[in-house]
Each structure stands twice: as C-alpha cells, then as structure tokens.
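Here is a friendly walk through one model, with an eye on its ring contacts and its sheet. Have the viewer open as you read.

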Amino acid sequence: MEMLIMAYALKTSCARNIIGVIPYFPYSKQSKMRKRGSIVCKLLASMLAKAGLTHIITMDLHQKEIQGFFSFPVDNLRASPFLLQYIQEEIPNYRNAVIVAKSPDAAKRAQSYAERLRLGLAVIHGEAQCTELDMDDGRHSPPMVKNATVHPGLELPLMMAKEKPPITVVGDVGGSIAIIVVVVTNTVPHEIQKLQCPKIKTVDISLILSEAIRRIHNGESMAYLFRNITVDD
C-alpha cells in the first residue's frame with residue numbers, strides 16, 4: 001500500500017516515468033483460478049497500473065505468464081546464473097550430485113539447472129496438495145509465524161520466509177541423509193533466520209537489480225541481463 005501511495009504521489013506530480021523495483025512480487029502464487037476464488041495477482045497488477053507505475057523490475061515470478069496481467073513493461077529477472085555460480089564455486093565435488101525436482105511441475109526448471117551443470121535429474125512424484133502457505137502467500141512481508149515468540153536479545157518477532165529455498169543441498173552424512181546447506185537469495189529479508197540456522201547461505205542478487213535500473217535509466221537494452229537464461233528457467 002505504501003508503494004501505491006508513493007506511485008500515485010509521483011503520478012500527480014507529473015513524473016515522466018515511475019518504475020517499481022519489487023524483488024519478490026507478492027501474491028504471485030495466486031495467479032490461477034481455484035474453484036470459485038479470485039485471481040489476486042491480476043487485481044494487484046491492475047492496482048499498480050492504476051496508481052501510475054509505468055515499469056516494473058521483479059525477480060523469478062512464480063509463473064512467467066503473470067507478465068500478461070500488466071498493461072506496461074515487466075522485466076522478470078532470473079537468479080539462476082547466481083545460484084549456478086554458487087554451486088560451481090562453493091560446493092566441492094558438485095559433479096557427483098543429482099538435481100532433484102520436488103514435483104513434476106518443477107521438472108522443467110530442474111532440468112534447465114541439470115543441463116547447464118551437466119548433472120543427473122530426479123523427480124519426486126506425488127499428489128499435489130494446496131498448502132496453507134500457498135493460500136497465505138504475500139499477505140505479510142515476510143509473513144508472521146503463528147504464536148510468534150521473541151528471539152532472545154533481539155526485540156523482533158521471529159518470521160518465516162515466504163518462498164521455499166531455491167536450492168537445498170542434501171548429502172550423505174554418516175550413512176544418513178542430512179541437509180548440508182540451504183542456499184537462498186536476498187529478495188526476502190532473512191537476517192533473523194540466519195542467526196537461528198547457520199546452514200542458511202545467501203546469494204546476493206543486488207548486482208543484477210542495480211544493472212537493470214541503470215540500463216532502464218539510460219535507455220539501454222535489457223537483453224544482456226537475459227543472455228544465460230533458458231526457456232524453462
């Protein structure tokens with residue numbers, strides 16, 4: 001709501017261009033009709049256009065078709081080049097790993113990672129279930145945990161991330177399966193979660209956002225930012 005108010009203030013001040021930088025686009029999971037529910041993502045797109053925005057920079061929309069909801073340009077940047085670089089530089093013996101898709105719906109994106117890393121691919125099959133997290137997507141930034149407590153020494157409520165982590169590295173530790181590291185981007189603030197769990201590693205994507213802002217401001221082409229992106233990414 002604050003962003004809508006600021007955009008409308010700029011519009012009434014006769015600003016030539018109003019560009020919104022939204023690394024994590026809220027309600028992006030609610031882009032399809034569920035029974036007789038509403039398509040909240042379409043409503044949000046209409047609100048942004050009505051407020052006066054003329055361009056949006058975002059990162060990894062839940063569905064690429066969401067860009068069709070908008071009546072103005074949308075640059076849907078990808079974090080995959082940064083995640084692939086992290087795997088190649090920070091994970092030893094990554095060539096012995098296997099890329100696992102959590103569901104058949106995620107197989108295409110997992111396959112694009114596997115092809116670029118030249119690794120094997122596995123897909124977990126099971127019934128798709130509508131979780132409570134999917135229904136509550138985007139209502140808080142990030143959403144509050146139910147019955148939230150206060151972290152000792154920090155006068156801040158504990159929060160949970162809105163999205164499942166992009167990469168979870170699972171390995172064989174002493175004959176049992178264990179999560180070695182969870183790699184996430186900083187599109188959602190998670191400093192408190194990192195204090196609670198040392199296995200969380202952050203990949204900084206501010207470089208691509210700043211480059212996108214610079215190119216739009218100078219009227220340069222955005223194609224360079226999508227040079228290492230596949231169709232299924």
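At 11% relative accessibility, Phe70 counts as buried, where buried means under 20% relative accessible area, exposed over 50% and partly exposed in between, with a 1.4 Å probe and protein chains only. This is a predicted model, in which local features need pLDDT of at least 70, side-chain atom pairs count only at pLDDT 80 or more, and totals for chains, interfaces and linings use all residues. Residues are numbered from 1 along each chain as its sequence is written, and side-chain values use heavy atoms, with hydrogens and water left out.

**Rings**

Phe25 is buried too, with a relative accessible area of 2%. Phe25 and Phe70 form an edge-to-face aromatic pair, 5.6 Å centre to centre with 75° between the planes. Rings of Phe, Tyr and Trp (its six-membered ring) pair if their centres lie within 6.5 Å; planes under 30 degrees apart count as stacked, over 60 as edge-to-face and the rest as tilted. Phe25 lies in the loop between strand 1 (19-22) and helix 2 (40-51), and Phe70 in the loop between strand 2 (55-59) and strand 3 (74-77), so the pair ties together parts 45 residues apart in sequence. Helices (H or I, at least four residues) and strands (E, at least two) are DSSP runs, numbered from the N terminus. Together with Phe72, Phe25 and Phe70 form one aromatic cluster.

Two arginines sit over tyrosine rings, as the table lists. The criterion is NZ of Lys or CZ of Arg within 6 Å of the ring centre and within 35 degrees of the ring normal.

| Charged residue | Ring | Distance to ring centre |
|---|---|---|
| Arg116 | Tyr113 | 5.6 Å |
| Arg227 | Tyr224 | 4.1 Å |

Three strands make an open sheet in the order 1-2-3, with parallel pairing; two strands pair if DSSP finds at least two bridges between them. Strand 1 and strand 3 are the edge strands, each pairing on one side only. Strand 1 and strand 2 are joined by four bridges. Gly20 has Ile56 as its bridge partner in strand 2, and Ile19 stands opposite His55.

Which residues of strand 1 are on its covered face, and which on the uncovered one? Gly20 and Ile22 are on the covered face, Ile19 and Val21 on the uncovered one. In a regular strand, side chains alternate between the two faces of the sheet.

Helix 7 (residues 206-218) packs on the sheet and touches strand 1, strand 2 and strand 3, contact meaning heavy atoms within 4.5 Å.

How values were computed: Axes are lines fitted to C-alpha atoms, for helices over the stretch in contact, and angles run from 0 to 180 degrees between N-to-C directions.
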